[in-house]
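Colleague: Before I use this model, could you take me through its architecture, its packing and its charged pairs, one question at a time?

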Amino acid sequence: MRLTRSLIPAACVAILAGCTVGPDYKSPQVKMPSSFDATTATLPTTRPIAFAPPSTQPTPTPPVDLARWWQSLNDPELNSLLSRAVAANLDLQIAIDRLQEAREAEAVEQGSSLPSAEFSGAAGRGSGTNSTKGRISGPLNAGTNTTGLREITQVIGFDASWELDLFGHLRREAEAVRADTAVASHFRDQVLVTLLADVARSYIEVRSLQLRVDVALQTIDVARKTADIAAVKYQRGMVNELDVVLANRQLATVQSRLAPLQAQLTEAQRRVAVLLGEYPEELRTELTAVGSLPNPPAEIKTGLPGDLLRRRPDIREAESQLIAANARIGVATSYLYPQLLLTGGGGVQGQGLGRSPVNWMDIWSVGPAVRWQLLDFGIVDSLIQAQDYRTREMLLNYRRTIITAVQEVDNSLTNYDAERSRLADLSRAVDAGKQALDLAGKRYDRGLTDFLNVLDAQRQLFDLQDQYAVSEDETVTQFIAVCKALGGGWEGFPPPPNPRVPRPAIVAAVADALAPSNRPMDVRDSKASDSEGAPYRSSP
């Protein structure tokens, strides 16, 4: 009784105010650093792997547009691969379907706040006075009248109900569902950002491995010629047998590196195909053609750490999860208060099916219904507390996501700067290695050094050239990592179109009956046509 007396005044005040229970969402105050911890440097824009001296004046490049960062690499093949990946990647299509599913759930919630009506009818014969009782809806049953009849045997009509959202239960649920849709939308954006980075990284790996295979083939050719020369000189008595053995050892050593590189190249090509939603053989010819590694731009404008709150999809997703959890506190709190519904029904009842006289009459009923859970032994209160903890969990996850995002940007910038510095050092080392091999060969021809020094110079030059190719790969990969960490890419593509407007049940039933095979399980080739393919297509 004490609990009831305390809740009744609160309920009356809430009814008069038409309040929405539960906390209103306020964006959390998050402390952000004034700048990123890492800085970028200028990258040499030449290709020392082609054995040309590095330029001292890098070519000016425009700043990177994060929305379409891949275009700054100026690689048409990469642009084409990314466009096809966005149109056909299966992970992205799954994320889009989840978004459309969330949008449909939002439409369901919107419809739940509006009046609903249904048709019902029943007929029966028994020993009672109303054989339709329990067979028809409550509002219709409330209108039945047995006066002057022996038994009601038929009832047919319509009934309707409408929940008056006095305490904001439906409004809070709608707020939570809208946030769920935003979560699905930002998740799609995050999948898109990841897809763009994965395709670009895999493509860069293909080009790098092609370059390393080419370097290995050139080195094998040089080692084979060296071994042939040593064999000829040995036959003429100009050198001893040791030089021949050492030359053959060098040839076998460099040959042993070729097969693993070719296997890695094939694996990288297959990875690109899978990201495009294709089988490897469908892209084999295209990716077998050798191409050069793209040049990353010399400058990336990162902006401020606070910009990540707007740009990074995972941060926006985490905040939407927080909004949804906060709204569901209000949903749980609304169970503490009465639920008010307006219900009504109208139709006709009849006596027949062997009963006489056969009689038909109009029936109707209308009125409010109140439900109020007063004794639940703390169930609702525990639901509220559990949702409070859930919201706190989402708040902590939001903050953790922000801190992790800043760390990823800092790490990628640091790695990018370090790899560019390493690339410049390796450029000088390759030039020095070429010069050392030339000098060692000339000294050996004049008898001033032994053959082992020539072979050692060859081995070191090959190692340096291979390291340079790896560093080129890593430099572009770190550039991609910077762009991904900054959340770039998803803005460059339009969101999926909204699903069709939901139809009333009777209209949908007719449409379903006329087209029963129109189901998502009717899987079609996503590349068949623009109208039957991916949800959207956009060229990078």
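Predicted model: local features only at pLDDT ≥ 70, side-chain atom pairs only at ≥ 80, totals over all residues.

Modeller: Residues are numbered from 1 along each chain as its sequence is written, and side-chain values use heavy atoms, with hydrogens and water left out.

Colleague: How many helices and how many strands are there in the chain?

Modeller: Helices (H or I, at least four residues) and strands (E, at least two) are taken as DSSP runs and numbered from the N terminus. Counted in this way, the chain has 13 helices and four strands.

Colleague: What percentage of the 540 residues counts as buried?

Modeller: The accessible surface of the chain is about 28,700 Å², with 56% of it belonging to carbon and sulfur atoms; such areas come from the Shrake-Rupley method with a 1.4 Å probe, and for residues only the protein chains shown count as cover. A residue is called buried under 20% relative accessible area, exposed over 50%, and partly exposed in between (1.4 Å probe, protein chains only). Of the 540 residues, the buried share is 43%.

Colleague: Among contacts in the chain with a separation of 6 or more, what share comes from residues 24 or more positions apart?

Modeller: Contact here means heavy atoms within 4.5 Å. Among the contacts with a separation of 6 or more, the share from residues 24 or more positions apart is 83%.

Colleague: Is serine 320 buried or exposed?

Modeller: Serine 320 sits in helix H10 (residues 313-334), and, leaving aside neighbours within four places in sequence, it is in contact with Ala179, Ala182, Val183 and His186. Because its relative accessible area is 5%, serine 320 is classed as buried.

Colleague: What span does helix H11 reach from its first C-alpha to its last?

Modeller: Helix H11 (residues 379-445) has 67 residues, and the expected span of a helix is 1.5 Å times one less than its number of residues. The expectation for H11 is 99 Å, and the span in the model, which is close to that, is 94 Å.

Colleague: Which residues are in contact with isoleucine 402, leaving aside its neighbours within four places in sequence?

Modeller: Isoleucine 402 is found in helix H11 and is buried, with a relative accessible area of 2%. Its C-alpha atom is separated by 8.8 Å from that of aspartate 314, 88 residues apart along the chain. With those sequence neighbours left aside, the contacts of isoleucine 402 are Val30, Met32, Leu309 and Ile315.

Colleague: How many residues apart in sequence are the parts that the pair of arginine 355 and glutamate 151 ties together?

Modeller: The side chains of arginine 355 and glutamate 151 form a salt bridge at 2.7 Å, N to O, a term that requires a side-chain nitrogen of Lys or Arg within 4 Å of a carboxyl oxygen of Asp or Glu. Arginine 355 is buried at 13% relative accessible area, and glutamate 151 is buried at 0%. Since arginine 355 lies in the loop between strand E3 (339-351) and E4, and glutamate 151 in the loop between helix H4 (138-143) and strand E2 (154-164), the pair ties together parts whose separation in sequence is 204 residues.

Colleague: How many salt bridges does a search of the whole structure find?

Modeller: Another of these pairs joins aspartate 189 and arginine 188, with the closest N and O atoms 2.5 Å apart. Arginine 390 and glutamate 393, both in helix H11 and three residues apart, meet in a salt bridge at 3.4 Å, N to O. Over the whole structure, the number of salt bridges found is 25.
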